[in-house]
Amino acid sequence: MSSASLLRLLLLAALWGGSFLFTRYTVPALGAVPTAFGRVLLAALGLMALVALTRQRPAFRGRLGAVLVLGVVNSGIPFCMFALAARVLPAGYSAMLNATTPLMGVLIGAAAFGERITGAGAAGVLLGMAGVAVLAQAGPVALGMPVALGIAACLVATGCYGLAGFLTRRWITARGGLDSRLVALGSQWGAVLALAPWAAWQAFSQPGLAARWGAAPAPVWGALLAMGLLCTAWAYVLYFRLIADEGPLKALAVTFLVPAFGVAWGWLLLDEAVTGAHAVGGGLIALALWLVLRPAPARP
């Protein structure tokens, strides 16, 4: 990997790891659904500006509907689930659980898309689930129903990420592909359309919510702005550039780095505890990712 790509990789991991910190910080002040909605709205506006600046013609070639639905699966639901989990889980927890995305991809691919599970893939899934169990049972947050539901929400989010990869291949790549900027832009608007009714319903059904928004300090809005423009819109640009320059396999190396950044940001800026459970659970998940993402051995 070139030095420029390595720098992009580290920056991308720092941004995606930081998104869990920002979510944990904004949700208590703004609410879970409004936080997720604000994130995708700002990301959509940022990507719209990028497309305009680069003079990219918005030609979806009959696939706009598919891209919008992808946005619901790949952004709308996951961002909302992570925001709900942030009410009870430390940022480091969510970042580690986010790393189970490739493991979910293995399970979903076998269950719904006819993919074959290799021995390494099966071992990776088992190790990954063991890592989640260690984090849940021995971590610094006492395991109870709220924490269990928070962990379940994170796993729903990673399941959506895993599903979105297969849907993208079937709906976009297999039909000739689209410019990655258009896929990113359309998907964020799909998430906006999906979350807007829920955010509006909460605003009208909870009279005190608007007062909470008005009382939110400037750093909360700054965190939401950073989450939408930096951790989502700009992160998409970095990720697709990595894929173009280094290929998808090397770009997936970011999966190993995001949990480390997520735990570090939470420790440095939110005073979240770091315990042996982070090392053991995170180590098991990292080993599981290596088993799932390593290149298949060459056949003689």
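Guide: Let us begin with the packing of helices: axes are lines fitted to C-alpha atoms, for helices over the stretch in contact, and angles run from 0 to 180 degrees between N-to-C directions. Helices (H or I, at least four residues) and strands (E, at least two) are DSSP runs, numbered from the N terminus. This is a predicted model, in which local features need pLDDT of at least 70 and side-chain atom pairs count only at pLDDT 80 or more, while totals for chains, interfaces and linings use all residues. Residues are numbered from 1 along each chain as its sequence is written, and side-chain values use heavy atoms, with hydrogens and water left out.

Visitor: At what angle do H3 and helix H8 pack?

Guide: The angle between H3 and helix H8 (residues 180-205) is about 60°, and their axes are 6 Å apart. A crossing is left-handed if the near helix is turned anticlockwise from the far one by less than a right angle, and right-handed if clockwise; that of H3 and H8 is right-handed. Contact means heavy atoms within 4.5 Å, and the residues making it include Gly71, Ser75 and Phe79 of H3, and Gly186, Ser187 and Trp189 of H8.

Visitor: How many residues of the contact of H3 with H8 are nonpolar, polar and charged?

Guide: Ala, Val, Leu, Ile, Met, Phe, Trp, Tyr, Cys and Pro count as nonpolar, Asp, Glu, Lys and Arg as charged, and the others, Gly among them, as polar. The contact of H3 with H8 has 11 nonpolar, seven polar and no charged residues.

Visitor: Is serine 187 buried or exposed?

Guide: Buried means under 20% relative accessible area, exposed over 50%, and partly exposed in between (1.4 Å probe, protein chains only). Serine 187 has a relative accessible area of 5%, so this residue is buried. Apart from neighbours within four places in sequence, serine 187 is in contact with Val67, Gly71 and Tyr236.

Visitor: How is a pair of aromatic rings described?

Guide: One gives the distance of the centres and the angle of the planes. Rings of Phe, Tyr and Trp (its six-membered ring) pair if their centres lie within 6.5 Å; planes under 30 degrees apart count as stacked, over 60 as edge-to-face and the rest as tilted. A search of the whole structure finds five aromatic pairs. In one of them, the rings of phenylalanine 113 and phenylalanine 166 are stacked, because their centres are 4.8 Å apart and their planes are at 10°. This pair links distant parts of the chain, 53 residues apart: phenylalanine 113 is in the loop between helix H5 (101-112) and helix H6 (119-138), and phenylalanine 166 is in helix H7 (residues 145-171). Phenylalanine 113 is buried at 17% relative accessible area, and phenylalanine 166 is buried at 14%.

Visitor: Which aromatic pair is tilted, with 40° between the planes?

Guide: That pair is phenylalanine 261 and tryptophan 265, at 6.3 Å centre to centre. Both residues lie in helix H12 (residues 254-270), four residues apart, about one turn of the helix. Phenylalanine 261 is partly exposed at 24% relative accessibility, and tryptophan 265 is partly exposed at 27%.

Visitor: What does a positive phi show a reader?

Guide: Most residues other than glycine have a negative phi. Arginine 61 has a positive phi of about 50° although it is not a glycine, and this residue is in the loop between helix H2 (32-53) and helix H3 (64-85). Aspartate 271, also not a glycine, has a positive phi of about 60°. Aspartate 271 lies in the loop between H12 and helix H13 (276-293) and is exposed, at 71% relative accessibility.
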